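Please look through the sequence and the model below before reading on.

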Amino acid sequence: MRLFVAIFLPENVLSDVQSLSHRLSSPRLRWVAPASVHITLKFLGDTQPARLPIFETVLSQAAAVTPRFDLAVSGGGVFPDARRPRIFWAGLSGAVEALVDLAERTAAGFSVLGIPEEDRAFAPHLTLARCRADARCLPADAAAFIDAAVILQSLPFSVNAIHLVQSHLSGSGSRYETLRSFPLAA
């Protein structure tokens, strides 16, 4: 099972985000389907199903001590940099520190189980597009995306839960299945 921990966005926010793809068209970009846009808190990778109960315990504990918080989508950028753009992302505003704390708490819980923490710091973002595998994205693609993303500003949305998600890979892209949701503290 290929697993990760995520936060999903409400439909109205996904509509705001999707509007960006309508303003930009580049044959070099592959846009993420709106239903697949999410905040990844922790990528767990390939996992044996027998480990699910302990993973659920980690997530239940992390969620239980995290109060609900509000975020909004705003702005955007590219990874790794504008000279060599590969990932095109939207930024987040609002209670970003609460999001970072939740991601760190989640990573620490899985670290105890032998799942290593990332080498780099958690960077809150939503992946919206990737450079196509058969293309080389250009600095002009990055500039156009960043210019268009400047006006991206969603309404605030409440983060009420985290989700354990299984990723099913196929030639037509990934399909996500939520295995279990864990409500944050009221």
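In which segment is the place of Leu-184? Leu-184 is found in the segment after strand 9 (175–183), where strands (E, at least two residues) and helices (H or I, at least four) are DSSP runs numbered from the N terminus. This is a predicted model, in which local features need pLDDT of at least 70 and side-chain atom pairs count only at pLDDT 80 or more, while totals for chains, interfaces and linings use all residues. Residues are numbered from 1 along each chain as its sequence is written, and side-chain values use heavy atoms, with hydrogens and water left out.

Leu-184 counts as buried because its relative accessibility is 4%; buried means under 20% relative accessible area, exposed over 50% and partly exposed in between, with a 1.4 Å probe and protein chains only. Leaving aside residues up to four places away in sequence, Leu-184 touches, among others, Ala-63, Phe-69, Leu-102 and Ile-162, contact being heavy atoms within 4.5 Å.

In soluble globular proteins, nonpolar side chains tend to be buried together.

The largest pocket has a volume of about 1,200 Å³, taken as the space filled by probe spheres set on grid points joined across faces, edges and corners. A pocket is an open set of points on a 1 Å grid over the protein atoms alone, where a 1.4 Å probe fits, with protein on both sides within 12 Å along at least five of seven lines, and lining residues have an atom within 4 Å of a point. Of its 34 lining residues, Thr-40, Phe-43, His-125, Thr-127 and Arg-130 lie nearest the centre, and strand 3 supplies the largest share, six residues.

The model holds one disulfide, a pair of cysteine sulfur atoms within 2.5 Å, and its values are set out here.

| Feature of the disulfide | Value |
|---|---|
| Cys-131 to Cys-137, S to S | 2.3 Å |
| Cys-131 and Cys-137, angle about the S-S bond | 115°, right-handed |

Both Cys-131 and Cys-137 are buried. Elsewhere, the peptide bond from Phe-79 to Pro-80 is cis, with omega near -5°, and Pro-80 lies in the loop between strand 4 (69–79) and strand 5 (87–94).
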